[in-house]
Amino acid sequence: MRTAAALVADLEAQIRPLEIELGEAWWESNTQSSDAAEARRTAAELARRELLSDPELFAELRAARAAGSEDPSLARQLDLLHDAFVPHQVPAELRRAIVELETQVESTFNNFRGTINGRRVDDNEINEILRASDDDDERRRAWEASKQIGPVVADRLRRLVRLRNEAARSLGYRDHFALALATSELDETRLLATLDDVDRATREPFTEWKAALDESLAARFGCRADDLRPWHFDDPFFQSPPAEGAVNLDHLFTDADLEALTLRTYDGLGLDVRAVLARSDLYAKDGKSQHAFCIDIDRAGDVRVLCNVEPSERWMDTMLHEFGH
């Protein structure tokens, strides 16, 4: 039987090219979604999961982990590899069904654009209407456009949830949520207790703040606070505080070069992000994810950022956030 160090080295050598191909395929599917990109991502994900599902490798890994190691770095590698293997010890047919649904759902999100009065609109336009418009009907149509994706993906999402739960239960876990927490080294009881503590500490001040906000919005839109609806708030999911009553800085960025400002900021911190900027995809287009993220393709310097930049405070903040990663 080979040593734990030899096992880890062999697994790293096998996993590394699969991870890089998956990173490249995932980037392509999020920046230029197509049937070919979807097929590439599905194949890359299946190849990676096939390796992580190997029962003989998993048995060898568990034995090495149980034997322990005096080298803390090696012990840590064994723990991480073990948790990476666990979720994939399910039948190949179930793995494939999950991967195909995951890819289809994300591809649908990347390609979908809501419509207002029959006209396709992206998230940037929807967010601008919710931020600036005083027209109640226009705001409602924009908010509803942000939710039109729901019926398109609902059936596939429910099936994906059922399949993920089926896989988790076959491994002895209550559901996919419990499996995801356990293999991410998060204790569910402690996590939920922490969230309860946060709720208890913030509930009263939030309720007071929200009541004052509601009164301000009611005055703005000429209605009672009880008549406020989701489209009266600036964010489709109420995840960001409304601009109402805050300092509006958008005019400072109307003619600004957000790429240049990002470079200047990180130059000032002694961090050169030019190589990352050159590999990134920063502006909105069809077939592209409308969100923002930073991804490390190979853990060796190929870092990229996806954004959908427009000249605004929000996107300046997002650029600094993502390049901060």
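**Entry 1: the hairpin**

I started at the hairpin of strand 3 and strand 4, where six residues sit between the strands and Arg299 takes a positive phi near 55°. Before going on, I noted that this is a predicted model, in which local features need pLDDT of at least 70, side-chain atom pairs count only at pLDDT 80 or more, and totals for chains, interfaces and linings use all residues. Residues are numbered from 1 along each chain as its sequence is written, and side-chain values use heavy atoms, with hydrogens and water left out.

Helices (H or I, at least four residues) and strands (E, at least two) are DSSP runs, numbered from the N terminus. Strand 3 (residues 293-296) and strand 4 (residues 303-306) run antiparallel and are joined by four bridges; strands pair if DSSP finds at least two bridges between them. I looked up Asp296 and found its bridge partner in strand 4 to be Val303.

In a regular strand the side chains alternate between the two faces of the sheet. In strand 3, Phe293 and Ile295 make up the covered face, and Cys294 and Asp296 the uncovered one.

**Entry 2: the cysteines**

How many disulfides are there? I counted zero, taking a disulfide as a pair of cysteine sulfur atoms within 2.5 Å. For Cys294, the nearest cysteine sulfur is that of Cys307, 9.4 Å away.

Are these two buried or exposed? I used under 20% relative accessible area for buried, over 50% for exposed, and partly exposed in between (1.4 Å probe, protein chains only). Cys294 is partly exposed at 27%, while Cys307 is buried at 0%.

**Entry 3: Glu45**

Next I checked Glu45, which is found in helix 2 (residues 35-52). Its relative accessible area is 11%, so Glu45 counts as buried. Leaving aside residues up to four places away in sequence, Glu45 touches Leu22 and Val99; contact means heavy atoms within 4.5 Å.

**Entry 4: Phe238**

Phe238 lies in the loop between helix 10 (188-221) and helix 11 (258-268). With a relative accessible area of 31%, Phe238 is partly exposed.

**Entry 5: the whole chain**

To finish, I zoomed out. The protein chain has 13 helices and four strands, and its C-alpha trace spans about 75 × 45 × 40 Å along the principal axes. Of the 325 residues, 39% are buried. Among contacts between residues at least 6 apart in sequence, 68% join residues at least 24 apart.
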